[in-house]
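Subject: Structure handover

Hello,

Here is the structure you were waiting for. My notes on it follow below.

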Amino acid sequence: MQQLLRVMNFNVSRDGIGAGEHQSLDNPFGLAGAERLFAWAGATASWPMRTDAGGSRGLDDYFTRDFARNIGAEIMGRNKFGPQRGPWQDHDWQGWWGDEPPFHTPVFVMTHHGRPPITLSDTTFHFVDGDPLTVLGRAREAARGKDVRLGGGVTTVREFLDADLVDTLHVAVAPVELGTGIRLWESPDELLDRFHLEVVPSASGVVHHLFWRR
């Protein structure tokens, strides 16, 4: 079966913004109030960082549970790994995902500045310099027949969309407007020349946009 490249549970505001311009160690998204974009997932019963009983069930919970299904590798941009830019100055700092990253697969971090792989628990981060097609080829090989998740950030997703490599997208549009930042789109209609689209509102106020290749 074909190995799909899937964007899953990707969060943007109603005006299409998924990140800010001024990312830092203390502000990974570069946005004030970024938690408003993904609060829907954190409220679900299946949220992996949940420490107490409870949480919502239903549509939002389904998408939270589905995040790891049949995923064998992840691709992310360097900004999703950490805020450092240029040549790596501090090899002791190992990203902001902690000692137990939530990926549980090989992760391919796109960067022009290589460094040795880092293994934390059952996740290994590989730092790769290449065009989207080349990086996807490496990720598919590592995934061993399973699908590859394209994790973001916004610029990385746009890069793979522009290369026409994305097979499915799930974008959760939060009921907030941010005004400025890095946009995934001006309108989801921009993708309709290449994708089918189903729009499903949730009781949480989030609107789930499900795209699949024509």
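A nonpolar core here is a set of buried Ala, Val, Leu, Ile, Met, Phe, Trp, Tyr and Cys residues joined through side-chain atoms within 4.5 Å; buried means under 20% relative accessible area with a 1.4 Å probe, protein chains only. This is a predicted model, in which local features need pLDDT of at least 70 and side-chain atom pairs count only at pLDDT 80 or more, while totals for chains, interfaces and linings use all residues. Residues are numbered from 1 along each chain as its sequence is written, and side-chain values use heavy atoms, with hydrogens and water left out.

The largest nonpolar core has 30 residues, and Leu5, Ile75, Phe160, Val166 and Leu169 have the most contacts inside it. Among the elements that give two or more residues to this core are strand S1 (5-12), strand S3 (71-77), helix H4 (132-143) and helix H5 (154-162). Helices (H or I, at least four residues) and strands (E, at least two) are DSSP runs, numbered from the N terminus.

Leaving aside neighbours within four places in sequence, Phe160 is in contact (heavy atoms within 4.5 Å) with Leu5, Ile75, Met110, Pro132, Leu136, Leu150, Leu165 and Val166. A second, separate core of ten residues includes Met76, Phe103, Leu120 and Phe127.

As for the whole protein chain, there are five helices and eleven strands. Of its 214 residues, 45% count as buried. The C-alpha trace spans about 45 × 40 × 35 Å along its principal axes. Of the contacts with a separation of 6 or more, 63% come from residues 24 or more positions apart.

Regards

Conventions. Buried means under 20% relative accessible area, exposed over 50%, partly exposed in between (1.4 Å probe, protein chains only).
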